[in-house]
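Biologist: Could you walk me through how to read helix packing, sheets and domains in a model like the one below?
Modeller: Happy to; let's take a look together.

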Amino acid sequence: MAEDSLLKARGIDKHFGPVQALTNVDLDLYAGQVTALCGDNGAGKSVLTKCIAGIYQIDQGQLLFEGHPVHIRTPRDAALLGIETVYQDLALADNLDIVQNMFQGRERVQNGFLDEDDMERAAGRTLADLRVTTVRSIRQPVRSLSGGQRQSVAVAKAVMWNSKLVMLDEPTAALGVVQTKMVLELARRLRDHGLAVMVISHNLNDVFEVADRIAVLYLGRMVAQDRASAFDRQSVVEYMTTGASSRAATHADGNGEKHGES
Amino acid sequence: MARAEAPESAADPTAAASAAQLEVPPEIAAQSLREWLSAWAARIRSGDSGVLPVILAFAVITVVFQAISPHGIFLSANNLVNLFQQSAVFMVLAMGEIFVLLLGEIDLSIGYAGAVGAAVAVQLVQPATTKWPWWAAIIAGLLACALIGAVQGTLITRLRVPSLIVTLAGLLIWNGGMLLILLLGPFSGYPSLAGNNPNLHVLYNLMWGSIDPVASWIGATVVVIGIGTGLWLGDSRRRRSGLVAPPASLTLLKITLIAIVAVVVVAICNVNRAAFGTLAGVPWVIPIVLAVFGVWMVLLQRTRFGRYVYAIGGNPEAARRAGIKLSAIRTWCFVACSFTGGIGLLLYASYLGGMSNNVNGGQLVLYAVAAAVMGGTSLFGGRGKVLHGVLGGLVIGGIYNGLYLLGIAVQWQFIVTGLVLIVAVSIDALSRRSATSGSAARV
């Protein structure tokens with residue numbers, strides 16, 4: 001990890017009333033890499049994601065984006081930085097077609113009227129870039145798409161805006177085998193386009209198939225963070241369930257670059 | 001999720017495509033007219049019947065009433081013009097209601113809110129009292145309606161009171177408001193539009209005035225050429241740049257249909273309708289309804305505002321996350337609804353030849369919602385078109401007119417209208433349920 005991370009979170013604390021959701025969490029997300037964020041239910045994966053996405057505000061700690069300290073207070077702040085999140089519910093409107101969904105909230109307008117031609121061309125280019133080719137027509141309503149296709153459209157919607165970091169929340173949770181493959185392939189393609197990708201998942205098959213780096217949260221603490229090759233299935237499970245691993249003790253403070261090369 | 005049974009075979013493009021095929025609107029998937037027709041038929045079989053039930057309903061009504069009305073009077077030119085005049089109020093009110101139905105809300109007050117506007121306008125032009133010019137009176141009346149919509153919309157969006165309750169209160173309040181306004185001046189509650197005053201005359205002619213037959217032909221030609229050129233240029237530009245577009249033959253077919261409808265309507269209207277003397281030409285109410293239809297259709301289909309209305313109706317949470325200002329859009333929809341209600345009730349006042357405390361806004365709103373739903377608009381938001389209001393209004397007007405011709409009492413008119421509504425919506429619901437693909441989300 002010679003290069004510097006795109007997003008650097010340092011000492012993040014977040015509590016809801018008396019409940020401490022995140023304690024002194026550090027996280028690094030690198031451009032051109034897929035980072036898998038793992039953890040059991042309630043470990044704080046979603047809270048951390050929502051802090052970065054601007055839905056929650058952090059109580060303590062610092063976020064650095066491209067080396068600069070940033071304050072992300074709203075989803076809009078995150079979008080302006082180039083941070084996009086694809087939530088589990090995908091946030092697609094079933095009654096609108098693919099183009100309309102991809103441009104939702106950012107429609108292109110000419111003389112006061114929607115510039116459908118321009119939007120359709122741009123949406124078509126993005127989908128072709130991501131090789132999302134199984135849809136019959138980009139003018140078909142989203143309700144007519146399969147689960148994997150919907151996920152692809154949601155991801156394409158997220159990367160249309162020169163985004164630099166895309167966070168995928170449980171992207172394969174509702175999908176079958178073939179569609180899961182398709183979505184993971186898509187995550188890899190984003191990485192190949194030079195984006196930083198964070199995949200939240202507790203499906204270890206997916207994690208090991210797609211991740212370049214793995215970060216594990218346990219009860220609101222970051223217990224391990226390193227290259228994927230430094231983990232095996234067993235150690236990740238141990239980190240997720242106990243917060244430590246007997247097999248790979250060196251990972252207990254896996255982010256050795258913590259105060260390192262920056 | 002409605003499509004829990006979604007096929008897991010997306011890696012195979014052909015399988016995914018065939019599974020999705022039935023839900024793809026035919027005009028985006030077809031390369032030729034023949035393909036379009038078969039895609040259309042497949043879509044109807046799959047349960048998305050679109051405007052077909054309402055068109056069938058109108059066809060049935062036409063055939064039945066033509067068969068049983070005395071001397072086949074139903075399809076006479078005189079009666080068809082009359083039918084359109086009667087339907088116009090339902091059409092316009094339904095077009096207004098569609099704005100809030102698209103959000104999954106409802107506006108029960110549209111009848112009386114519109115009646116307040118109409119009462120204001122009719123009062124203001126009275127030569128015995130305020131003597132306002134007709135245009136100022138209409139603007140004042142419609143502004144009153146827009147204000148009512150803004151107040152109700154604000155209560156609904158900011159205080160989060162359900163629209164059903166706010167507009168139910170509105171129905172009562174504006175009923176009272178209409179009665180209060182009608183009691184102003186020396187008209188004992190019945191300000192009339194009869195008389196020789198030019199301002200009265202303009203309001204009266206909204207419904208009863210006709211355009212000169214020659215001018216009718218010229219106007220219709222201009223409108224058809226305008227719409228036809230627009231359609232043709234737009235579609236062929238999209239075809240040239242490789243965007244999703246209907247086949248040329250379909251575009252031509254659409255233009256031809258519009259032209260045929262225009263020719264038939266003008267030809268019917270240009271038949272002399274008077275028993276003595278001459279009364280011919282397209283009544284002003286037709287271009288008025290067309291203008292409301294055109295403006296609202298462009299607003300809903302071609303602008304950001306319209307796109308946001310559909311987005312909110314489809315998935316409000318997604319719209320919120322996309323940065324759409326839900327409260328503002330929702331409030332404006334209630335404004336548009338009441339404003340359109342004002343246009344509808346102005347037409348109704350013109351039809352009655354004045355305003356009266358007998359105007360039943362409670363019944364009008366039910367017809368408006370019925371017309372929109374019959375036309376294919378969903379009560380649950382996200383699905384609906386302005387066209388649905390026009391078609392549904394025509395069906396309700398047809399029933400009203402046909403039963404009136406038969407001399408059947410009003411109680412039967414209510415019952416038949418209710419039955420037709422149930423049948424039209426049931427056909428839609430049944431065809432959706434029998435469909436293999438998602439239905440719950442689209443009821």
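Biologist: At roughly what angle do the axes of helix α6 and helix α8 of chain B cross?
Modeller: Two packed helices are described by the angle between their axes and the distance between the axes. Bear in mind that this is a predicted model. Here, helix α6 (residues 110-124) and helix α8 (residues 163-183) of chain B have axes that cross at roughly 15° and come within 8 Å. Since angles under 35 degrees count as roughly parallel, α6(B) is therefore roughly parallel to α8(B). The crossing of α6(B) past α8(B) is left-handed.

Biologist: Which residues of α6(B) and α8(B) meet?
Modeller: On the α6(B) side they include Tyr112(B), Val116(B), Ala119(B) and Val120(B), and among their counterparts in α8(B) are Leu171(B), Trp174(B), Met178(B) and Ile181(B). Sorted by class, this contact of α6(B) with α8(B) holds 11 nonpolar and four polar residues, and no charged ones.

Biologist: How are α5(B) and α16(B) oriented to each other, roughly parallel or roughly perpendicular?
Modeller: Use the angle again. The axes of α5(B) and helix α16 (residues 361-375) of chain B cross at roughly 70° and come within 8 Å. The range 65 to 115 degrees counts as roughly perpendicular, so that is the label for α5(B) and α16(B). Phe90(B), Leu93(B) and Ile98(B) are among the α5(B) residues in this contact, and α16(B) brings residues including Leu364(B), Tyr367(B) and Val369(B). By class, the contact of α5(B) with α16(B) has 12 nonpolar residues, one charged and no polar.

Biologist: Now domains: how is chain B divided?
Modeller: Domain 1 takes 51-208 + 285-425, and domain 2 takes 210-282. The centres of domain 1 and domain 2 of chain B, taken over C-alpha atoms, are separated by 25 Å.

Biologist: On to sheets. What is the strand order in the open sheet of six strands in chain A?
Modeller: In chain A the order is β6-β9-β10-β3-β11-β12, with mixed pairing. Its edge strands are β6 (83-86) and β12 (221-227) of chain A, each pairing on one side only. From one strand to the next, the twist averages 15°. β6(A) runs parallel to strand β9 (residues 165-169) of chain A, joined by four bridges; Glu84(A) stands opposite Val166(A) in β9(A).

Biologist: Which strands of this sheet does helix α5 (residues 147-159) of chain A touch?
Modeller: That helix packs on β6 and β9 of chain A, and its direction makes about 170° with that of β6(A).

Biologist: And what order does the open sheet of four strands in chain A have?
Modeller: The order is β2-β1-β4-β5 (chain A), and the pairing is antiparallel. At the edges are β2 (19-29) and β5 (68-70) of chain A. Neighbouring strands are turned by 30° against each other on average, direction ignored. Five bridges link strand β1 (residues 7-16) and strand β4 (residues 60-65) of chain A, and Gln62(A) in β4(A) is the bridge partner of Arg10(A). Finally, α1(A) lies across β1 and β2 of chain A, at about 65° to β2(A).

Definitions and conventions
Residues numbered from 1 in each chain as written. Chains lettered and ligands numbered in written order. Predicted model: local features only at pLDDT ≥ 70, side-chain atom pairs only at ≥ 80, totals over all residues. Axes fitted to C-alpha atoms, helices over the stretch in contact; angles between N-to-C directions. Helix = DSSP H or I, 4+ residues; strand = E, 2+ residues; numbered from the N terminus. Parallel < 35°, antiparallel > 145°, perpendicular 65-115°, else oblique. Left-handed = near helix turned anticlockwise from the far one by under 90°. Contact = placed C-beta atoms within 7 Å. Nonpolar A, V, L, I, M, F, W, Y, C, P; charged D, E, K, R; others polar. Pairing = 2+ DSSP bridges. Domains from an automatic or database assignment.
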